[in-house]
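Have the sequence and the 3D view ready as you read.

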Amino acid sequence: MIERAILIVIAAGVIILPMTVVTPGADAFRLPKELVFRGEAILLLALLILRGTAWTSIAKWRVEFKLAAAIVVWMIVVTATSTNRALSLDSLITVLAAVVIFIATCVAVKDRSLEAVDVIMIACCVNAAVTVLQELGIWNPVPSAEGHYGSVGLMGNPNDVGTFLLVPAVAAVVMAVISAGRRRWVYVVVSMLLVSGMIASATRTALFAFVGAMLVLALLQTRRAAIAIVAVLLIVAVAVLSPATTIGRSMRELGHAAMQRDYQRLFSERLLPFLAAAEMAREHPLVGVGPGCFRYHFMAYRVAIAPKYPPAWMRGYPMNWSQVHNDHLQVAAEAGLVGYVLFLAWVGWFARRSKVAGAEPRANFARTLRWPLVTAIFLVCLAQFPLELAAPRLMFLTFGALCLTWDRAHAT
């Protein structure tokens with residue numbers, strides 16, 4: 001009974017969290033999702049404690065659990081040494097919640113079928129469909145800005161939508177590649193819908209990460225599957241190159257900015273936070289400035305680094321950036337190089353594969369997804385901050401858990 005309750009909470013989380021919007025409110029999108037994320041973690045922790053036998057699985061000290069434990073320990077260390085412990089404590093709570101959800105998912109999905117992926121896709125498809133309708137000006141169910149900046153799905157920001165849809169889109173293509181019969185065609189449609197949502201969001205980094213993941217997937221598949229993947233990439237290319245689409249116009253502006261050496265347009269005004277985060281990491285290489293403390297120090301570093309760089313690099317929005325918009329730099333700046341190495345190790349471990357030959361459908365899915373998943377996460381973190389957002393973070397945790405658990409379940 002408790003096992004079923006754990007599974008229900010996890011399933012409810014992947015459906016409810018991405019569609020949670022609370023209006024009116026100062027933060028109608030991100031904050032409610034973060035609260036659902038933490039609430040889910042609290043429920044799962046209570047259920048795991050009640051189901052004492054779940055700890056026998058955890059007690060085996062699988063490598064991913066060791067990495068999760070190391071991340072928690074290091075987060076406690078850098079919170080204790082933080083330059084602002086109050087801010088860091090909030091980030092520590094987020095990491096603890098993520099670890100609980102990750103472990104609970106690993107425990108719960110071991111004996112589940114590929115239908116688990118179907119459940120995850122529900123909220124993803126809803127967000128993609130809403131984003132497309134918003135971009136086309138057909139229907140907008142939530143209060144938002146007009147024009148493209150109103151194409152926010154149920155996420156509140158176009159970039160949040162693209163970042164959220166990235167991993168599910170990659171997983172949907174993988175499902176279409178490995179499946180047969182009706183399921184294959186269903187996932188062809190799902191893939192097209194999710195990719196259309198990403199294109200409508202015009203999130204350049206997410207599309208770049210998707211293309212990178214698809215190229216890795218194509219290299220690892222048969223010629224027939226690779227041709228189908230190339231067809232998907234051609235659809236993306238048409239949208240990216242078309243002057244009729246928002247992403248097409250955005251890419252043209254990016255090209256013009258590169259030719260004119262307009263660094264602020266080229267980096268979407270994010271060069272300043274990139275440089276500030278790099279300076280924080282340089283001055284605090286071991287423990288960083290503390291989790292969540294980038295925004296606390298940004299303005300001071302913005303002023304301090306101004307003499308070190310050309311004036312053209314220092315132009316940008318007169319604002320205090322809350323996020324670096326590059327999770328590689330943000331993790332290094334806030335948790336030090338040790339924290340960054342742990343982040344890379346955890347993401348890289350998703351690519352692990354058992355040594356057992358052959359594969360049942362679940363293991364085939366896990367083994368096919370693993371490298372595209374790692375590629376997508378690594379690339380999207382270069383110019384977005386998915387680790388700071390509840391919905392994309394939940395997708396990383398869930399699909400990472402599926403990759404590790406289903407491949408291991410086949411091996412054992």
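Residues are numbered from 1 along each chain as its sequence is written, and side-chain values use heavy atoms, with hydrogens and water left out.

Two packed helices are described by the angle between their axes and the distance between the axes. Axes are lines fitted to C-alpha atoms, for helices over the stretch in contact, with angles from 0 to 180 degrees between N-to-C directions. Helices are DSSP runs (H or I, at least four residues), numbered from the N terminus.

| Helix pair | Axes come within | Crossing angle |
|---|---|---|
| α8 (residues 181–201) and α9 | 8 Å | roughly 145° |
| α9 (residues 204–219) and α10 (residues 223–241) | 9 Å | roughly 165° |

How do α9 and α10 run relative to each other? They are roughly antiparallel (an angle over 145 degrees). Their contact (heavy atoms within 4.5 Å) includes Phe 210 and Met 214 of α9 and Ile 229 and Val 236 of α10. The residues of this contact divide into 12 nonpolar, no polar and no charged.

On the α8 side, Val 195, Met 198 and Ile 199 meet Ala 206, Leu 207 and Phe 210 of α9. This contact has 6 nonpolar residues, with no polar and no charged ones.

How far can you trust the picture? The mean pLDDT (the predictor's confidence in each residue, from 0 to 100) of the protein chain is 88. Confidence is lowest in helix α3 (residues 54–58), at a mean of 54, and highest in helix α16 (residues 327–349), at 96. Where pLDDT is low, the predicted coordinates should not be read in detail.

Definitions and conventions. This is a predicted model: local features need pLDDT of at least 70, side-chain atom pairs count only at pLDDT 80 or more; totals for chains, interfaces and linings use all residues. Helices (H or I, at least four residues) and strands (E, at least two) are DSSP runs, numbered from the N terminus. Angles under 35 degrees count as roughly parallel, over 145 as roughly antiparallel, 65 to 115 as roughly perpendicular and the rest as oblique. Ala, Val, Leu, Ile, Met, Phe, Trp, Tyr, Cys and Pro count as nonpolar, Asp, Glu, Lys and Arg as charged, and the others, Gly among them, as polar.
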